[in-house]
Amino acid sequence: IKPESEKALQSVINYLVSNLTVKIIVVGHTDNSGLFTSNINLSKERAKSVVEYLVTVGKINGSRLMSEGVGSLCPVATNTTEAGKILNRRVEIVMQ
C-alpha cells in the first residue's frame with residue numbers, strides 16, 4: 001500500500017465502520033504491459049493487499065470483503081502512453 005493511498009483507504013474504513021451491513025468487492029486493475037495472465041495475477045494481488053489493509057489496519061471483518069483482479073480488461077485511459085498506463089493501475093471499491 002502506497003502512503004499516498006492511506007487517506008483514501010481511511011475514507012473506505014470510515015464508511016464501512018459507519019455502515020455495518022455494507023459489503024464490498026475490491027477490484028484490482030493493471031495496464032496492458034506484459035503477459036495477460038501475469039496481469040491478472042498482479043491485479044488479484046493488488047486487490048488482496050487492500051483487503052488485508054482494511055482487515056488489519058481498519059479492523060473490518062473480512063467476511064464483508066471480497067477481492068478480485070481483472071488485469072487490463074477495464075481500462076479508464078489509453079495504454080499507449082505512460083500517463084494512461086498509470087491511470088489504469090488502480091484499485092476500485094464496488095459495493096456488493
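The lining of the largest pocket splits into eight nonpolar, two polar and five charged residues (Ala, Val, Leu, Ile, Met, Phe, Trp, Tyr, Cys and Pro count as nonpolar, Asp, Glu, Lys and Arg as charged, the others, Gly among them, as polar). This is a predicted model, where local features need pLDDT of at least 70 and side-chain atom pairs pLDDT 80 or more, while totals for chains, interfaces and linings use all residues. Numbering runs from 1 along each chain as its sequence is written, and side-chain values use heavy atoms, without hydrogens and water.

**Pocket**
- Fifteen residues line the largest pocket, with Ser-5, Arg-46, Val-50, Arg-90 and Val-91 nearest its centre.
- Helix 1 (6–18), helix 2 (36–56) and strand 3 (91–95) each give two or more residues to that lining (helices are DSSP runs of H or I, at least four residues, and strands of E, at least two, numbered from the N terminus).

**His-29**
- His-29 sits in the loop between strand 1 (24–28) and helix 2.
- With a relative accessible area of 2%, His-29 is buried (under 20%, 1.4 Å probe, protein chains only).
- Leaving out residues up to four places away in sequence, His-29 touches, among others, Ser-43, Arg-46, Arg-90 and Glu-92 (contact means heavy atoms within 4.5 Å).

**Met-95**
- Met-95 belongs to strand 3.
- Residues up to four places away aside, Met-95 touches Tyr-15, Val-22, Lys-23 and Ile-24.
- Leu-65 is 30 residues from Met-95 along the chain, and their C-alpha atoms are 9.5 Å apart.

Notes. On a 1 Å grid over the protein atoms alone, a cavity is a set of points where a 1.4 Å probe fits but cannot get out, and a pocket is an open set with protein on both sides within 12 Å along at least five of seven lines; lining residues have an atom within 4 Å of a point. Buried means under 20% relative accessible area, exposed over 50%, partly exposed in between (1.4 Å probe, protein chains only).
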